[in-house]
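Reader: I have a few questions about how this model is described. Please set each value against its cut-off.

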Amino acid sequence: QDSISGHVVNKSRLTGDSKSGVSSRSDLFVEIHNRKPLEDIESSSELEPEVNLETEHESYLKQCLLSYDLVHPLSTKLKPLCLMNGRELKKFFHSTIAQKIYSDNHEILTEELHYVVWSMVVPYTNPKHEIITLVMMSTYGIYLVSDTSPKMAHKTRPSWMTHSRNRSDSAITLKSGTSTGGRQLVEPYFVFRYKDLLQVNIGLFDQCVRLTGRNENSVFTIATRDGVMTEIFIQKLKHVLSFVTVSPLLEKSRTETE
């Protein structure tokens, strides 16, 4: 077990390369909360050919986006994310995903996108619900981004408590269901601030990472099902935490020294 800047990690092997795949370009776009559509973010770089060269970090973010290798296909709303380059992804992050963060002096801090990875995410409150998620790791938090939000777990009833529906029951169910459709926006369904992250646990054979917050609604398992991807995620997380948090062990040693 290692202590990652105050966070618990069962084990960490920090080597490996990410896999990549290539998708074809699409005209699909997503508009989120009346903010800039993905189509506009994508086309804006074409208006500035003289500054269209990507930085090394932007190229790396693009490579991470192309690493989608899940069994389930991407939804129509999520496909444009997979087709972005690194610069477009950073614009999308700052215009739609990132939240305003203030320092102790009430100054707005700059939040930078550090790493992204596609994965299935399982909420603790509903273990049977897997969400196709773009996990976005920034300098101040981890964003779980999708067009779906965690569903409430349905309590199963014993067979003797059920009844067969008649036509009127079905009609009522269909009518009420139209007003409670699922989310259609691509946005974070949960945000982990590093100060609220209590534990990071790695599953058997490095197949998943569980992030634990302050209550049961803030516990999510990132099911990479890939040991190499899990190792890279832990490596990136350790790197970010080394800048934003201080290990309790270090604080203890400083106190003893004084």
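Reader: How does the lining of the second largest pocket divide by class?
Author: This is a predicted model. The lining of its second largest pocket has 7 nonpolar, 3 polar and 5 charged residues. Asp 69 and Arg 225 are among the residues nearest its centre, and Asp and Arg count as charged. Leu 70 and Ala 223 also lie there; Leu and Ala count as nonpolar.

Reader: Which strand gives the most to that lining of the second largest pocket?
Author: Strand β5, residues 113-123, with 3 residues. The lining has 15 residues in total, and the space is about 240 Å³.

Reader: What about the largest pocket: what is its volume?
Author: About 300 Å³. Among the residues closest to its centre are Ile 101, Tyr 102 and Lys 195. Its lining divides into 6 nonpolar, 2 polar and 3 charged residues.

Reader: Why is Asn 85 called buried?
Author: Its relative accessibility is 16%. Buried means under 20%. Asn 85 is therefore buried. Asn 85 sits in the loop between α3 (79-82) and α4 (86-97).

Reader: What makes the pair of Asn 85 and Glu 88 a polar contact?
Author: A polar atom of the Asn 85 side chain lies 2.8 Å from the backbone nitrogen of Glu 88. The cut-off is 3.5 Å. The distance therefore falls within it.

Reader: Which residues does Asn 85 contact beyond its neighbours within four places in sequence?
Author: Glu 54 and Lys 62. Contact here means heavy atoms within 4.5 Å.

Note on methods: Residues are numbered from 1 along each chain as its sequence is written. This is a predicted model: local features need pLDDT of at least 70, side-chain atom pairs count only at pLDDT 80 or more; totals for chains, interfaces and linings use all residues. Side-chain values use heavy atoms; hydrogens and water are left out. On a 1 Å grid over the protein atoms alone, a cavity is a set of points where a 1.4 Å probe fits but cannot get out, and a pocket is an open set with protein on both sides within 12 Å along at least five of seven lines; lining residues have an atom within 4 Å of a point. Grid points are joined across faces, edges and corners, and a volume is the space filled by probe spheres set on the points. Helices (H or I, at least four residues) and strands (E, at least two) are DSSP runs, numbered from the N terminus. Buried means under 20% relative accessible area, exposed over 50%, partly exposed in between (1.4 Å probe, protein chains only). A polar contact is a pair of N or O atoms within 3.5 Å; within protein, one must be able to donate a hydrogen and the other to accept it, and residues adjacent in sequence count only if both atoms are side-chain atoms.
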